Amino acid sequence: LGGHHLGRLAGLLARHGLQARLYPPAMPAGVPLLLLGTDRFSPALVQTLKGEEWDIDLCHLPALPSLAEPGLLVMDMDSTAIRIECIDEIARLAGVGEQVAAVTAAAMQGKLEFSDSLRARVALLEGAPVTILDEVAANMPWMPGLQLMVDTLKQAGWKVAIASGGFTRFAGQLQRELGLDAIFANELAVAGQRLTGKVSGRIVDATVKAEVLQQLAAEYGIATGQTVAVGDGANDLKMMGVAGLGIAIHAKPLVRAQAAATLNHHDLEGVICLLGALVCRQQRWDRR
């Protein structure tokens, strides 16, 4: 973050008729954060920011959840909590990688209905040995900042869950290793130690993800304003829409355009910046 960024932003604020104050730099969970308060929220400024290219992550929001109160974060798994699409890795090992990856990309961009695309991709895995799942799980790279984000949220009394169009084999492993409060994902059907090419039970699609967030919020007694959804694909938009704050991370253009906050340069540590902003602002105000 350089002075030229602030200069460019000052020009934008002036053109939109906004007054602003700059708070001293903060370090929520050790992550540098610069907080700029405006005298009002401007949807027009949001659209201007989304329409321009920045080499920093910058979000203008009307309200923020706070780490000072209990909350709930529900995140997607593939390309959000982890850096891969598990079904693409399974398919690669099964020898049908190119066919499946093409369908995955179209589904995440919103060009295909998710449930139909998932069934089509899983059908291509018929006959593959179950041991492929273990191989993928053993090489499942976490998104940078995942451990820090989960630990910080748990220390603040938050609940953390996964709602994924991926599979329980991988979400369950993350739950055990990170101490997640809940997981919702799809179950691959198996017969004789081989994949059948089918999904068992109801598919976790965009509608189910939104239901999961609302269900967990009610179960834990958490107000909507203290709920957060994090994802990267079109399948996450409904969940983001019902959350108090929707965060797109390394997302597809369709998702970046619709999400309230976008992280294009940060990884999951950027979530801590957003959620720690109110606490940092209050601390700086109290010291004045």
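This is a predicted model: local features need pLDDT of at least 70, side-chain atom pairs count only at pLDDT 80 or more; totals for chains, interfaces and linings use all residues.
1. Buried side of H2. Helix H2 spans residues 43-51, and its buried residues are Leu-45, Val-46 and Leu-49. Viewed down the axis of H2, these buried residues fall within an arc of 105 degrees, so they line one face of the helix. An α-helix has 3.6 residues a turn, so residues three or four places apart point the same way. Helix H1 (3-15) is included in what covers the buried residues of H2.

2. Exposed side of H2. Pro-43, Gln-47 and Gly-51 are exposed, and they sit on the face of H2 turned away from its buried side. "Exposed" here stands for over 50% relative accessible area, and "buried" for under 20%.

3. Largest pocket, position. The largest pocket has a volume of about 1,000 Å³. Its lining is made up of 39 residues, and those nearest the centre are Leu-33, Leu-34, Leu-35, Leu-36 and Cys-59. The elements giving two or more residues to this lining are H1, strand E2 (36-38), H2 and helix H12 (269-286). H12 gives the most, with 6 residues.

4. Largest pocket, composition. By residue class, the lining of the largest pocket has 28 nonpolar, 7 polar and 4 charged residues.

5. Second largest pocket, position. The second largest pocket holds about 420 Å³ of space. It has 19 lining residues, and Leu-49, Lys-50, Glu-52, Thr-262 and Asn-264 lie nearest its centre. Leu-49 is also one of the buried residues of H2. At least two lining residues come from each of H2, helix H11 (253-258) and strand E9 (261-263).

6. Second largest pocket, composition. The lining of the second largest pocket divides into 10 nonpolar, 4 polar and 5 charged residues.

7. Hairpin of E5 and E6. Strand E5 (residues 182-191) and strand E6 (residues 194-200) run antiparallel and are joined by 4 bridges. The hairpin has 2 residues between the strands, and Gly-192 takes a positive phi near 60 degrees.

Technical notes. Residues are numbered from 1 along each chain as its sequence is written. Side-chain values use heavy atoms; hydrogens and water are left out. Buried means under 20% relative accessible area, exposed over 50%, partly exposed in between (1.4 Å probe, protein chains only). The arc is that of the directions from the helix axis to the C-beta atoms. Contact means heavy atoms within 4.5 Å. On a 1 Å grid over the protein atoms alone, a cavity is a set of points where a 1.4 Å probe fits but cannot get out, and a pocket is an open set with protein on both sides within 12 Å along at least five of seven lines; lining residues have an atom within 4 Å of a point. Grid points are joined across faces, edges and corners, and a volume is the space filled by probe spheres set on the points. Ala, Val, Leu, Ile, Met, Phe, Trp, Tyr, Cys and Pro count as nonpolar, Asp, Glu, Lys and Arg as charged, and the others, Gly among them, as polar. Two strands pair if DSSP finds at least two bridges between them.
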